[in-house]
Amino acid sequence: AYTITAQPSYGYKFTQWQDGNTDNPRKVVLTQDTTFVATMVRDGFLVQGVPNYPERGEVTGGTTALYGDTVTLTVTPNYGYYFDHWLDRPNYYYQIDRRENPRKVIADKDTTYTAILQKNQYSVTVSATNPEYGTVSTSHGSAYYLDTIVLTANPILGYQLAQWNDGNTENPR
């Protein structure tokens with residue numbers, strides 16, 4: 001008996017011999033000149049994308065693809081967030097900074113790509129309707145989505161806050 005072995009290249013896998021046998025390696029007993037043909041097919045790899053925080057958005061397009069196929073990953077941020085870049089390695093010392101969205105990748109191994117989604121930053125502008133009666137101040141000149149800031153009306157002596165433009169009367173708020 002002899003042992004024969006099919007050795008697929010990277011990205012391919014052995015499926016069967018021409019006679020339907022799926023053993024690999026395979027023991028054979030020769031009684032005549034014989035040719036053995038191994039069938040190889042492209043291997044499948046899981047290619048997917050994930051957001052750095054699930055509440056910030058989603059990544060679609062992930063799939064199990066055959067070796068060498070192109071997979072398109074698309075980031076859709078939720079309200080209050082924006083897509084910044086892809087982190088190809090979860091390592092702060094080495095990353096490939098890619099900003100394309102959608103992004104096309106080649107399936108060559110099981111891979112998860114992380115979409116970095118950041119909070120939107122907003123300017124905070126405060127003013128008084130009648131500045132001669134007092135000023136308005138804020139704890140921050142800008143803030144990120146869902147941050148809390150403090151607004152304070154500073155009326156001059158003899159005046160008080162009537163209301164903010166949204167009808168709120170708290171001071172500070």
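Which side chain meets Asp19 in a salt bridge? Select Asp19 and Arg26: their side chains meet at 2.6 Å, N to O. A salt bridge here is a side-chain nitrogen of Lys or Arg within 4 Å of a carboxyl oxygen of Asp or Glu, and by this rule the count comes to 7.

Before moving on, note that this is a predicted model, where local features need pLDDT of at least 70 and side-chain atom pairs count only at pLDDT 80 or more, while totals for chains, interfaces and linings use all residues. Residues are numbered from 1 along each chain as its sequence is written, and side-chain values use heavy atoms, with hydrogens and water left out.

**Stop 1: the salt bridges**

Stay with the first pair. Arg26 counts as buried because its relative accessibility is 9%, and Asp19 is partly exposed at 46%. Buried means under 20% relative accessible area, exposed means over 50%, and partly exposed is in between (1.4 Å probe, protein chains only).

Next, select Arg99 and Asp84, another salt bridge at 3.4 Å, N to O. This pair links distant parts of the chain, 15 residues apart: Asp84 sits in strand S9 (residues 81–87), and Arg99 in the loop between strand S10 (97–98) and S11. Strands (E, at least two residues) are DSSP runs, numbered from the N terminus. Asp84 is buried at 19%, whereas Arg99 is partly exposed at 48%.

Now pick Glu100 and Arg103, whose side chains meet at 3.6 Å, N to O. Arg103 is buried, with a relative accessible area of 4%; Glu100 is partly exposed at 35%.

**Stop 2: a loop lysine**

Click on Lys109, in the loop between strand S11 (103–106) and strand S12 (111–119). With a relative accessible area of 43%, Lys109 is partly exposed.

**Stop 3: the largest pocket**

Show Ser127, Ala128, Val136, Leu161 and Gln163, which lie nearest the centre of the largest pocket, among 25 lining residues. A pocket is an open set of points on a 1 Å grid over the protein atoms alone, where a 1.4 Å probe fits, with protein on both sides within 12 Å along at least five of seven lines; lining residues have an atom within 4 Å of a point. Strand S16 (151–155) and S14 each give two or more residues to this lining, and S16 supplies the largest share, 4 residues.
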